[in-house]
Amino acid sequence: MKRGDLIDRTRTFRARFVDGTLPFLIEHGWDWSRSGLVERMDDGGGDTGTQFRRVMVHARQLYVFSSWGARTGKSDLVEHADRIFGYMTEHFWDDELGGWIEKVDLDGIPVSLDKDLYAHAFALFGLGAYARHLGRDEKIWVERTRDVLERRFRRGDGSYRDRMSRAFEDLAPDRRSQNPHMHLLEAALSLSDVDPAIADLARRLITLFGRTFLDAEKHVVLEHLGPDFAPDPQDGRRVEPGHHFEWAWLLDWASRVLGQPKLRKLAAPILEKGLALGWDGAAAGVFDEVDRRDGSVLLSSKRIWPLLELIKALSVFPKTGRAVNAGTALELLLARYLDESGLWTERFNADWTPADQTLPSSTAYHISMALEELERSAG
């Protein structure tokens with residue numbers, strides 16, 4: 001695809017997201033009678049009936065509306081970011097013990113007081129975006145979150161605890177999961193230019209990744225490890241191509257932010273491996289899960305987020321040596337997943353029949369990140 005065509009399709013992407021997705025989320029993704037974000041909607045905007053709200057979803061959308069409020073100057077987007085921030089800090093922060101609780105019910109009453117790494121990573125990311133993009137003087141929340149992560153979550157082996165009780169008892173002492181560490185790196189990179197301590201966190205996480213979550217010989221991102229960092233006997237064979245794309249993109253970002261150009265050399269083969277494992281060469285799209293040992297497909301459905309992560313990775317590594325590039329991936333997104341109204345299909349079966357037509361609010365984060373990277377790469 002020619003550069004001009006890619007730019008045109010990126011403009012189409014932006015119009016669908018800014019003029020369709022974001023207004024839809026404001027109108028239907030917020031509970032206007034009780035406050036708080038709706039977890040999941042149907043394609044008519046109706047609430048599908050989920051009886052809880054998660055801090056992770058609020059943190060992701062805090063980033064989305066902070067970023068696009070700043071990028072567009074639209075007051076309704078900025079107001080929605082303020083609305084999300086208010087609900088998040090009022091209902092999910094543990095005033096007594098610190099940290100972010102996982103879930104509340106529809107009236108804001110806690111239903112899960114557990115504190116997990118994945119949610120805290122996104123809290124750091126969303127709060128950082130709110131302070132940075134909208135100039136809000138709320139850095140205290142970033143500092144509180146970072147403090148909890150370092151004092152409560154960090155282990156002596158360099159990893160961070162996956163899940164803890166309200167009182168910070170380790171609920172998964174034998175688990176070492178790649179995904180939350182990846183998103184903690186994302187949050188650290190987003191703040192590393194304003195906080196040397198967080199830049200150090202980013203460096204430590206990259207070192208941990210290379211030492212534990214990456215099979216450096218085969219360029220495979222390992223998902224589920226045990227306390228000795230060996231693949232879990234049951235789930236260690238399962239890998240997600242979408243996470244290969246995310247790591248390739250993150251390592252490129254880190255190479256620029258941290259001044260470590262060698263990270264791009266580490267990243268490119270990871271992207272190639274993700275394509276080799278996950279790209280459906282016959283029908284296009286990215287399979288959800290494969291077996292790292294023989295490349296067999298374990299979950300042949302195709303969610304939207306791995307394709308969005310592939311778009312990001314191909315934007316920064318345009319020469320992959322394969323048939324798919326950022327333009328063809330974007331074309332697939334616009335043809336299959338994100339329609340003209342800005343609504344999306346969450347998951348397809350391998351033959352492109354819809355497998356899930358509900359709309360999880362959390363997906364807006366992936367859509368936003370892909371669009372931002374396309375625009376950044378285009379200059």
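Reader: What separates arginine 256 and aspartate 252 in helix H8?
Author: Arginine 256 and aspartate 252 are about one helical turn apart, because four residues separate them in helix H8. A helix here is a DSSP run of H or I with at least four residues, a strand is a run of E with at least two, and both are numbered from the N terminus. This is a predicted model, in which local features need pLDDT of at least 70 and side-chain atom pairs pLDDT 80 or more, while totals for chains, interfaces and linings use all residues. Residues are numbered from 1 along each chain as its sequence is written, and side-chain values use heavy atoms, without hydrogens and water.

Reader: Why is the contact of arginine 256 and aspartate 252 called a salt bridge?
Author: A salt bridge needs a side-chain nitrogen of Lys or Arg within 4 Å of a carboxyl oxygen of Asp or Glu. For arginine 256 and aspartate 252 the distance from N to O is 3.0 Å. That is within 4 Å, so the pair counts.

Reader: Why is aspartate 252 called buried?
Author: Buried means under 20% relative accessible area, exposed means over 50%, and partly exposed lies in between (1.4 Å probe, protein chains only). Aspartate 252 has 3%, so it is buried.

Reader: What makes aspartate 31 and arginine 34 a salt bridge?
Author: Their closest N and O atoms are 3.2 Å apart, and the pair is listed as a salt bridge. Aspartate 31 is buried, because its relative accessible area is 10%. Arginine 34, at 40%, is partly exposed.

Reader: Which parts does the pair of arginine 163 and aspartate 116 tie together?
Author: The side chains of these two residues meet in a salt bridge with an N to O distance of 3.9 Å. Arginine 163 belongs to strand S6 (residues 163-164) and aspartate 116 to strand S5 (residues 115-116), so the pair ties together parts 47 residues apart in sequence. Arginine 163 is partly exposed at 24%, whereas aspartate 116 is buried at 10%.

Reader: How many salt bridges are found in the whole structure?
Author: The search finds 34. Some share partners, and in this way Arg14, Arg71, Glu372 and Glu375 are joined into one network.

Reader: How do you know that the span of helix H1 agrees with what it should be?
Author: The expected span is 1.5 Å times one less than the number of residues. Helix H1 (residues 3-28) has 26 residues and should span 38 Å; its end C-alpha atoms are 36 Å apart, so the values agree. The 14 residues of helix H6 should span 20 Å, and its end C-alpha atoms are 21 Å apart, which also agrees. Helix H2, with 18 residues, reaches 25 Å, close to the expected 26 Å.

Reader: Where does H1 bend?
Author: H1 bends by about 30° at phenylalanine 17; the bend is the angle between axes fitted to the seven residues ending at a residue and the seven starting there. Phenylalanine 17 is also one of the buried residues of H1, which include Phe13, Leu22 and Ile26.

Reader: What makes H6 mostly covered?
Author: Of its 14 residues, 14 are buried. H2 is mostly covered as well, with 15 of 18 residues buried. Glycine 73 follows H2 and has a positive phi, near 75°.

Reader: How much space lies in the largest pocket, and why is it called a pocket?
Author: On a 1 Å grid over the protein atoms alone, a cavity is a set of points where a 1.4 Å probe fits but cannot get out, whereas a pocket is an open set with protein on both sides within 12 Å along at least five of seven lines. The largest pocket holds about 880 Å³, a volume being the space filled by probe spheres set on points joined across faces, edges and corners. Its lining has 38 residues, with Met56, Arg60, Tyr118, Asn179 and Arg303 nearest the centre; a lining residue has an atom within 4 Å of a point. H6 gives the largest share, four residues.

Reader: Which classes make up the lining of the largest pocket?
Author: The lining has ten nonpolar, ten polar and 18 charged residues (nonpolar: Ala, Val, Leu, Ile, Met, Phe, Trp, Tyr, Cys and Pro; charged: Asp, Glu, Lys and Arg; polar: the others, Gly among them). The second largest pocket, of about 390 Å³, has eight nonpolar, three polar and seven charged residues in its lining.
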